[in-house]
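The sequence and structure come next.

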Amino acid sequence: MPVFWLVRHGKTDLIGKKLCGNLPGIHLNEEGIAQAKKTAEYLYRFDIKAVYSSPIERALETAQAIALHRGVEVRQAEFLREINFGELQGLDAPALRQDPAWQDFLEHPAQVKFPHGESLAEAQDRVVTGLNEVAADMEDADQVVCVAHCELLRLVVCYAIGLPLEKLHTLTIDPASVSKLEWTARRKKLHLLNWQPE
């Protein structure tokens, strides 16, 4: 089966402070750059065929570190964008804590559709469709890196292991962490979750 290495982008100065979503202009900080390099060094030992990335800067910077090690080009993929949080995007932590839609997301994520944004089901369908299309173009045992964002990668893992969206927040996806999935349209198998290269 083809293999997807799912990588969350490295740290930025705004993690935990603001809901960044798809905001442009947010870059890796020094720690994030170091994390991306460690992840690239870890993945170098595998025969990576391609590197796909969300088009958002912090993901691209992480993907470029990995691609540079492998000598391949980064392929930007819209399906790897973070969830569209709509009106909540860009809010800081205190404002989020006061927002009813954010509270619904924390308590009943499967039911949430963000104002002027996506529902979790829509975002999950988007990324799963994209991954299925990539997998269909791969040979058996081909390995591909996909660099994206915390919530989107949680949605991928939920889908792969049959975890209901209501259980989304039981999963942790840390900055620059690596998860490994075998993936075809009909079958998925989780091998590694939220592993941090050292």
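This is a predicted model: local features need pLDDT of at least 70, side-chain atom pairs count only at pLDDT 80 or more; totals for chains, interfaces and linings use all residues.

F85 has a relative accessibility of 1%, so the residue counts as buried.

The structure holds 11 aromatic pairs. F85 and W102 form one of them, an edge-to-face pair with 6.2 Å from centre to centre and 65° between the planes. This pair links distant parts of the chain: F85 is in the loop between β3 and α3 (93–98), while W102 is in helix α4 (residues 100–107), 17 residues apart.

F85 also pairs with F114. The ring centres of F85 and F114 are 5.0 Å apart and the planes stand at 75°, so this pair too is edge-to-face. F114 lies in the loop between α4 and α5 (120–136) and F85 in the loop between β3 and α3, so the pair ties together parts that are 29 residues apart in sequence. F85 and F114 are both buried.

Elsewhere, ring pairs join W5, Y42, F46 and W195 into a cluster. Another ring, that of W183, has K188 over its face, at 4.8 Å from the ring centre.

## The overall fold

The protein has six helices and six strands. Starting at the N terminus, its elements follow the order β-α-β-α-β-α-α-α-β-α-β-β. The radius of gyration is 16 Å, close to the 16 Å that the globule rule gives for 198 residues, so the protein is as compact as a globular protein of that length. Along the principal axes, the C-alpha atoms fill a box of roughly 45 × 40 × 25 Å.

Of the 198 residues, 52% count as buried. Among contacts between residues at least 6 apart in sequence, 70% join residues at least 24 apart.

Two pairs of residues give C-alpha separations to set beside their spacing along the chain. A136 and P2 are 134 residues apart along the chain, and their C-alpha atoms are separated by 9.0 Å. For E73 and A121, 48 residues apart along the chain, the separation of the C-alpha atoms is 30 Å. A136 is found in helix α5, and E73 lies in the loop between α2 and β3. A136 counts as exposed because its relative accessibility is 63%; E73 is exposed too, with a relative accessible area of 67%.

## Helix α2

Helix α2 covers residues 57–70, which makes 14 residues. The helix reaches 20 Å from its first C-alpha to its last, close to the 20 Å expected at 1.5 Å a residue. Which residues of α2 are buried? They are R58, A59, L60, T62, A63, A65, I66 and A67. These buried residues pack against β1 (3–8), α1 (30–43), β2 (48–53), β3 (74–76) and β4 (143–148). Just after α2 comes G71, which takes a positive phi of about 70°.

H116 and A176 each have a positive phi although neither is a glycine. The table sets out their values.

| Residue | Phi | Place | Relative accessibility |

## N194 in strand β6

N194 lies in strand β6 (residues 188–195). Is N194 buried or exposed? Its relative accessibility is 18%, so N194 counts as buried. The side chain of N194 makes a polar contact with the side chain of S177, at 3.1 Å. Leaving aside residues up to four places away in sequence, N194 touches T172, I173, D174, S177, V178 and S179.

Terms used:
Residues are numbered from 1 along each chain as its sequence is written. Side-chain values use heavy atoms; hydrogens and water are left out. Helices (H or I, at least four residues) and strands (E, at least two) are DSSP runs, numbered from the N terminus. The expected span of a helix is 1.5 Å times one less than its number of residues. Buried means under 20% relative accessible area, exposed over 50%, partly exposed in between (1.4 Å probe, protein chains only). Contact means heavy atoms within 4.5 Å. Rings of Phe, Tyr and Trp (its six-membered ring) pair if their centres lie within 6.5 Å; planes under 30 degrees apart count as stacked, over 60 as edge-to-face and the rest as tilted. A charge sits over a ring if NZ of Lys or CZ of Arg is within 6 Å of the ring centre and within 35 degrees of the ring normal. A polar contact is a pair of N or O atoms within 3.5 Å; within protein, one must be able to donate a hydrogen and the other to accept it, and residues adjacent in sequence count only if both atoms are side-chain atoms. The radius of gyration is taken over C-alpha atoms; the globule rule is 2.2 Å times the number of residues to the power 0.38.
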